[in-house]
Amino acid sequence: MNNNPRILVVDDDANLRKTLTDILRLKGYEVAATETGAEGIAEAERAFVNVALIDLKLPDMTGIEVIGRIKLATPLTESIILTGHASLDTAVEATNKGVFSYMLKPYEIDDLLQHIHRALDRQQAQQEILRLASFPRMNPNPVIEVNAAGEVTYLNPIAERIFPEQAVAQPALGVLGEVSAAMGSGERQEVVREVRVGNATFEQFLYPVPESELTRIYMLDITELKTHEVKLNRLNLRLLTIRNINEYLLVTESEEALYRFVCDALKGFERIVGVIIATRLPDHVLKPVAWAGFSEAMISALAIRWDASALGGGIMGTAAREGKPIVAVDIENDVRYLPWREIVQTWQLKSAAAVPLVADGETMGVLAVYSGQCNGFDEETINFLAEVANDIALGVHALRLDRRLHATLENMRKSLDGTVEAIVRMLELRDPYTAGHERRVAQLACAIGKEMGLPERQVEGLRVTGYLHDIGKIAVPAEILSKPTALSDIEIAMVRIHPRSGYDILKDLEFPWPVAQAVLQHHERLDGSGYPQGLKEQDIILEARILMVADVVEAMASHRPYRASRGLDAAINEITANKEKLYDPVVVDACARLFAEHRFSLDGGY
Amino acid sequence: MKIKEKILVVDDDPNLRKTLADILRVKGYETAVAANGAEAIAAAEREIFSLALIDLMLPDMPGLDVMARIKAISPLTEAVILTGHASMETAIKATGQGAFSYLLKPYQMDDLLQQIRHAVERNQAQEEILRLASFPRLLPSSVIELDLAGGVTYLNPAAERLFPELSTMGQSHPLLHDSGELIATLWQGKQPGDTVREARIGEATYELHVSYVREVDLIRIYVLDITQRKRAEEEIYLLATTDSLTGIANRREFSAILVREVDRAKRYGTPMTLVMYDLDYFKRVNDAFGHDVGDTVLQAVTSLVKENIRANDVVARWGGEEFMVLMPQSDIKAASNAAEKLRLAIAEHHFDNIGKLTVSFGVTAFEPQDDLNSLLKRVDDALYRAKERGRNRVEILVGE
């Protein structure tokens, strides 16, 4: 459109048409020339005309008519009227109605060119104005302009739709006065702030409009983002609570502790001022077993049942009876709460929700929460509570299974202890000279483990492992074991098979501790000089690292028929001298401490 | 905007000044007069004029200098130069230096009035353009214009700052990459209306409002940064459906999936199996090594499981140390093989800090008479049996 402006010449004078066409072409314009108005209109419809030069008097119609028709199709076309003196008034009047200008015949060509030039200039400006005006108009978000007096001077269509006149004044603009004053005085260049309009939240960007006293306001609807943020916060808090409860499930030892934990976790959460967990008793009493936010006196004054009596009519009783969530939105005006009127008033309870606790397919109790406001719990909260109830059910289920398993395992442990002792006695029969070695190693290993702060269960494992660590000697001929003189290389090699044999004997037994591995590794040394695998450092399990120290100390410090005791001090010196090289320094230190502080002796145990 | 257009008449001939000023007032303009260049400049410093009529020959300085000084003070003020024939060349030069036009003395009053009208109109148009141009310029979000050839014809400052490569890359820019077809359709239809698209660039998400602007025959795209909103949406989805520790489905999400799959199995009779597993002696790990180690163990077991199941199997944390795997399109044999594979993979794995760890598995298959509860109950019983029979094993239970 802009490269080669197109000029239409409409004149019934053929000579003038020709001259004008030639000159304009020479000046670089594209030119179309017609004799009649009808032809001119057709030409303008065929392709866009930038400027139309039109004689006022045409054979078929007036030039004004022609211009009117062309502008109908292409409003941006500019027009210049060429006229004689007789029609000057008509021409002047036409310029007040959108015609760009008129020229009196005869005219100077230079003047005409100046007119064309300026007409094109105006056209370009009009185009630019159209383009620019469409920016705010098509903007998918509200755009508003306000003058210094705070009056709205412009609203784009979307702003008009969202803020109908009466609403625009205050909420959408917020407190604009001081802001625009600050802008007017040049103090501030840009202000970004959040405003609420009804239920919607907008981010407002305010700018002073240059060369005017207007303030431009761009608004972005961030309602969704805000709702998401609120939702995320709530969700995060809930998940944190659920996660905490879930983590607690991993460590809880009893149902009561779990209930107490849940109550404490829920109190203060969202609108919850009080929490009660109650379990169903066979005589239809609903017994509170844990609570938070209420006093013990209040709880013991509660009388709740889970049958259909009046005392079973509250939300707790109903939830426990029917096995589904129940909500009371306005307790004070709720007839179901008549039996507890006094308590409700004292504690200012306004609404409540209860969800059943179901374990192993059976409703076992109820979780109830209370709020100090009416309507304190929405559906989401109920869902959340149901999830917590699910967690409780899962925990209770696991605890019950655990108790069952534990009972089975306890029986197993008793029979295991008996078995271990029988085995040790058998070993001692074969090797009377080292009688008591296993027992003493077991005691020392346990003491070291305790000194190191290991959990009780692991210490118990050390005891069993200590008893069994030499069980592989069953595979070594008795005469070698009891030989009072030095052993030959072959005999030494035969003794050294005992960790492996012990491992083979124990490896298929189901222990809750790594007994077989510890036995296999108890002659390894940290620097890899041990046997049978030559393991090093952390490749040797902790139990074996404890066991080797206990074994060495006991062996050196105890009397043997075939050699005198080298004494406890020598034994401690030996492990201390080789700590880090052969022995785990933490183990050695623990062992040395035990003896130095006389908290352990090999004869009497503790 | 001003109500009356103001015109400054600069001429050293007092009669001519007065006549002109009077005529212009009659025509509805406000006027001010100056006898020389200095007065004219002083007047321009006091107030803004739409137009200055300047005689080329002034007593104190050339008319062109006066024009230049006035334009320096208010760039939008138009100037019409009045001159005698002798200075015609200079007058023509003046239009090249920003004068709106020149007029040879003596001139027709009609001609002068026509030129004044054009100049004032131009001044108004320029002011309007200036005001309107600030709409896209100040817009805090990006706006882009494209022509038919796909070239970028306009970027507002925000767009230039955010997408510096747009002007050279055009429609191959990642922002516009997926909108090519839409833009082509808009060009064909040339219908106004707002079409919304989303585009991702790295971490950021943008909402594109694409429309055809008929007045100027261009495609305009308003770009909104909706990264924060998208991120919040994704986070909400993740929080609501996944276990925060292990990143796999949580119980709520898994229940929903299970309900769907049970439905599907019921309706189409497709096989479906359920595996439940539980870490052996996990409480001990927590007791002995603390929660943090316990958490890493749960994560490590989860990744082992994920590595060893099919892509369409769903693993979920059921609660505590209990997990579920839903295996659609899989019979009891395949499921128990899969569970055995998982058991081995975990038993052979060396876990940091704690060394060895084992897991017990219960496996069951959906039966036509099953509902959700009976299915869950059976898989739980199967798991219990695995625990009871010594742990670190897979137990299968089939419905009666």
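Which residues in H5(B) are buried? Gln114(B), Gln115(B), Ile116(B), His118(B), Ala119(B), Arg122(B), Asn123(B), Arg131(B), Ser134(B), Phe135(B), Pro136(B) and Leu138(B) are. Buried means 20 or more other C-beta atoms within 10 Å of a residue's own; exposed means 12 or fewer, partly exposed is in between, and C-beta atoms are placed from the backbone.

Before moving on, note the ground rules. This is a predicted model, in which local features need pLDDT of at least 70, side-chain atom pairs count only at pLDDT 80 or more, and totals for chains, interfaces and linings use all residues. Residues are numbered from 1 along each chain as its sequence is written, while chains are lettered from A and ligands numbered from 1 in the order in which they are written.

**Stop 1: helix H5 of chain B**

Select residues 109-138 of chain B. Helices (H or I, at least four residues) and strands (E, at least two) are DSSP runs, numbered from the N terminus. The 30 residues of H5(B) should span 44 Å at 1.5 Å a residue, and the end C-alpha atoms are 43 Å apart, which agrees. The expected span is 1.5 Å times one less than the number of residues.

**Stop 2: the contact between the chains**

Keep H5(B) selected and show chain A. The contact takes 58 residues from chain B and 60 residues from chain A. Two residues are in contact if their C-beta atoms, placed from the backbone, lie within 7 Å. On the chain B side, elements that each supply at least two residues include H5, strand S9 (204-213), strand S10 (218-225) and helix H12 (291-307). H5(B) gives the most, with 16 residues. That side of chain B divides into 22 nonpolar, 17 polar and 19 charged residues. Here Ala, Val, Leu, Ile, Met, Phe, Trp, Tyr, Cys and Pro count as nonpolar, Asp, Glu, Lys and Arg as charged, and the others, Gly among them, as polar.

**Stop 3: chain B as a whole**

Colour chain B by secondary structure. There are 14 helices and 15 strands in chain B. Buried residues make up 40% of its 400 residues. Among contacts in chain B between residues at least 6 apart in sequence, 56% join residues at least 24 apart.

Now pick strand S4 (residues 78-83) and strand S5 (residues 101-104) of chain B; they pair in the parallel sense over four bridges. Two strands pair if DSSP finds at least two bridges between them. Ile81(B) has Tyr102(B) in S5(B) as its bridge partner. Right-handed means that, with the strands pointing away from the viewer, the path from the first strand over the helix to the second runs clockwise.

**Stop 4: the mixed sheet of chain B**

Five strands of chain B form an open sheet in the order S12-S13-S11-S14-S15, with mixed pairing. Strand S12 (314-319) and strand S15 (394-396) are the edge strands, each pairing on one side only. Neighbouring strands are turned by 20° against each other on average, direction ignored. Axes are lines fitted to C-alpha atoms, for helices over the stretch in contact, and angles run from 0 to 180 degrees between N-to-C directions.

Zoom to S14(B). Seven of its seven residues are buried. Val359(B), Phe361(B), Val363(B) and Ala365(B) point one way, while Ser360(B), Gly362(B) and Thr364(B) point the other. S11(B) joins S14(B) by seven bridges and the two run antiparallel. Tyr277(B) has Phe361(B) as its bridge partner there. The chain then crosses from S14(B) through H14(B) to S15(B), a left-handed β-α-β crossover. S14(B) and S15(B) pair in the parallel sense over three bridges, with Gly362(B) opposite Glu395(B).

**Stop 5: the antiparallel sheet of chain A**

Switch to chain A. Five strands form an open sheet in the order S12-S11-S15-S14-S13, and the pairing is antiparallel. Its edge strands are S12 (286-292) and S13 (326-328). S13(A) pairs with strand S14 (residues 351-359) over three bridges. Val327(A) stands opposite Ala353(A) in S14(A). Helix H10 (residues 255-266) of chain A packs on this sheet, its direction making about 50° with that of S12(A). Helix H12 (residues 315-322) of chain A also packs on the sheet, at about 25° to S14(A).
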